Amino acid sequence: MNSEERHIFSVLVENRFGVLARVAGLFSGRGFNIDSLNVAETHDKSISHITLVTHGDAQIIDQIYQHLNRLIDVIEVTDLSTAGTHVERELVLIKIATDDPQKRTEILQVAEVFRGRVIDMKPASIVLEITGDEGKLKAAIDIFNTYGILELARTGKIAMLRGSEKKE
Amino acid sequence: MELKGAQILVDGLKREGVEYIFGVNGGAAMPIFDALYGETEIKLIPMRHEQGASHAADGYARVTGKVGVALATSGPGATNLVTGIATAYMDSIPMVAITGQVFTHYIGSDAFQECDVIGVTRPICKHSYLIKSSDEIADVVAEAFHIAQTGKPGPVIIDIAKDAQNNEALFEYPETVDIRSYKPQVHGDPAQIAKAAALIKEAKRPMLYAGGGVVLANASEELRQLTLNTQIPITVTLMGLGAFPETHPLAMEMPGMHGSCCANYAFTGSDLVIAVGARFDDRVTGDLSKFAPNAKKIHIDIDASCIGKNVPVDVPIVGDAKSVLTELNKQVSTADIDPWRDQIQEWKRKYPFEYEQKSDVVMPQYVIEKIYEHYSDAIVVADVGQHQMWAAQYFKFTEPRQWLNSGGLGTMGFSLPAAIGAQLGCPDKTVVNINGDGSYIMTIQELVPAVTMQLPLKIFIINNMYLGMVRQWQELFHGKRYSAVDYHDNPDFALLAQAFGATGLRVEHPDDVEPALQKAKGITDGPVVIDFIVDEEENVFPMVPAGAGLGDVIRGLS
């Protein structure tokens with residue numbers, strides 16, 4: 001009962017102002033933590049997709065699910081961690097200092113291993129784009145940390161169910 | 001036809017059948033009050049404080065089952081509504097609160113009387129709208145009323161920028177409301193209902209536990225049928241009082257902290273608890289680890305998030321109480337549980353609510369008993385504190401919507417304005433306001449509109465010159481250190497009532513209780529206030545101390 005688990009919620013909401021505050025407020029008001037949050041419009045402009053990663057015991061996760069469902073502007077909630085197998089990705093931008101050419105070559109080689117792309121290159125720095133799941137990004141960040149990360153930004157996780165698996 | 005936004009709002013409210021709006025005027029709401037000027041279909045009731053407006057709208061909603069409407073200006077007007085909105089939210093009362101907002105181009109600029117009321121009220125309302133354009137008003141009003149009164153009811157806030165009130169738009173009121181993200185579940189899952197019926201059949205020590213949800217769903221009739229069909233003993237919570245007549249032999253009366261020993265012992269001994277529209281509130285359950293330890297639980301509730309929140313449930317049924325009970329009633333019959341019924345009757349006999357009568361001091365419980373004798377059919381609006389518990393214990397409620405109180409939030413100051421709303425909602429009924437000396441003075445200003453409208457409210461103050469419930473806790477748990485509870489410096493409420501233009505009486509001796517109540521009965525052209533000066537340090541018993549199990553109830557006398 002008390003073992004904490006990470007859960008990924010996929011939440012479809014009305015795309016209008018104030019909705020994110022309602023979702024976030026539901027967590028802050030109850031002292032639940034949001035580990036990662038991504039919000040963007042879907043192919044239907046009237047709907048936004050929120051991918052929300054949180055953790056808690058079974059009772060807290062159930063409460064989160066029920067309370068999300070209770071919000072008037074929430075169209076659909078899926079707990080991806082229990083609803084079936086899902087795919088998840090996150091994108092990270094990493095700016096690394098490249099003060100000497102030797103180091104730059106090495107960084108480019110490491111980036112290759114993680115299938116990273118160079119999206120900006122200056123004499124003293126380089127910006128890489130890497131996508132992947134949590135494990136891969138952690139490995140990449142750990143290695144680039146040894147070269148000196150100047151700046152890092154990540155999108156937060158986005159996720160969906162595989163193939164034609166029905167949402168519950 | 002193009003109309004001003006404020007007029008669209010008023011016409012929309014008419015389409016929703018609004019009879020009364022309780023409000024306080026102010027800058028950012030002036031166009032709305034202007035549109036209500038001379039209006040005959042909707043009556044505007046000017047209150048003296050916005051908190052009074054929201055409680056009055058709440059009281060109106062509680063007695064009628066219709067949506068109550070409160071109206072205030074921006075900034076401080078809106079923040080003053082907040083306590084009333086939170087009160088309605090905690091008790092799931094259908095309400096629409098309308099607030100003026102500063103001009104759209106000033107929003108976010110810290111303009112005069114600007115406040116982000118949507119932000120402030122986000123966790124205490126069912127939903128809210130900020131309107132920045134006149135053409136949104138009609139749709140929003142229709143949606144707000146739909147949301148406020150369907151599913152689990154609750155307050156909805158409509159915040160309207162002043163330019164949206166002033167600008168013109170086409171008035172097209174939607175015939176129906178369809179919100180794709182909001183489809184409350186009405187009917188319970190038939191398989192779950194069948195499971196519940198099977199558990200009821202097997203149980204040897206079953207009990208019904210009904211709450212305010214039964215009243216909100218207008219399901220009292222169905223609850224009575226279920227109780228009578230099965231002959232299962234029933235306890236009704238503070239919020240549900242009247243949903244089942246407390247005068248019936250199967251009624252165990254209220255459970256919980258100050259509930260009957262019978263109901264609390266029943267929980268501890270029961271093997272099946274059938275909860276209907278009740279939420280296993282901490283004031284009912286006491287220590288959760290000791291709550292109904294041997295009982296399976298059936299939980300019927302409109303709100304899925306309420307089920308399993310505090311207590312693990314064996315058979316959850318999400319749905320409207322009226323619909324679910326109607327189905328359940330088809331599948332149950334008289335329970336074969338005579339030994340259990342005998343046990344309940346024995347507890348009832350042995351442990352009634354009781355107090356020690358005194359000859360020289362007015363006992364608060366005695367006043368309630370006398371009020372019950374004289375006003376058994378009245379609507380009773382209680383405030384919060386010891387008097388609320390005594391009223392719940394000693395007044396025997398028999399009808400739903402006969403008992404109003406702020407059970408969830410426990411808002412002191414609720415009752416006088418709520419009584420005004422109740423009296424307007426039920427003009428043919430007698431409305432009795434049972435108040436405390438601490439709570440009465442919190443919203444005493446609302447005596448003004450009551451006098452102006454000549455409402456025949458019976459305002460009975462159980463005056464022990466203390467913030468009594470807190471004093472009781474200080475006596476029992478803080479070594480009698482009476483910090484900030486001494487109210488002996490309160491004014492003379494009888495004289496003060498007269499200053500307001502009401503009838504004011506003061507009762508200090510037990511022999512004067514009866515004649516004063518008689519006299520109050522004859523006054524029908526305005527409010528009457530009786531200040532009952534009662535035993536100062538009388539405590540509310542039985543009592544389950546916070547954190548204790550229901551079996552550890554302190555009975556008080558003997």
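Me: What makes residues of chain A and chain B count as a contact, and how many does each chain give?
Reply: Two residues are in contact if their C-beta atoms, placed from the backbone, lie within 7 Å. By that rule, 16 residues come from chain A and twelve from chain B. This is a predicted model, where local features need pLDDT of at least 70 and side-chain atom pairs 80 or more, while totals for chains, interfaces and linings use all residues. Residues are numbered from 1 along each chain as its sequence is written, and chains are lettered from A and ligands numbered from 1 in the order written.

Me: Which element gives the largest share of chain A's side?
Reply: Helix 2 of chain A, with six residues. Helices are DSSP runs (H or I, at least four residues), and strands are too (E, at least two), numbered from the N terminus.

Me: Why is strand 16 of chain B called largely enclosed?
Reply: A residue is buried if 20 or more other C-beta atoms lie within 10 Å of its own, with C-beta atoms placed from the backbone. Six of the six residues of strand 16 (431–436) of chain B are buried, so the rest of the structure largely encloses this strand. Val431(B), Asn433(B) and Asn435(B) point one way, and Val432(B), Ile434(B) and Gly436(B) the other.

Me: What makes strand 14 and strand 16 of chain B a pair?
Reply: Pairing needs at least two DSSP bridges between two strands. Strand 14 (379–382) and strand 16 of chain B have four, in the parallel sense, so they pair. Val381(B) stands opposite Asn433(B) there. Strand 16 of chain B also runs parallel to strand 17 (458–463) of chain B, joined by five bridges.

How values were computed
Buried ≥ 20, exposed ≤ 12 C-beta atoms within 10 Å, placed from the backbone.
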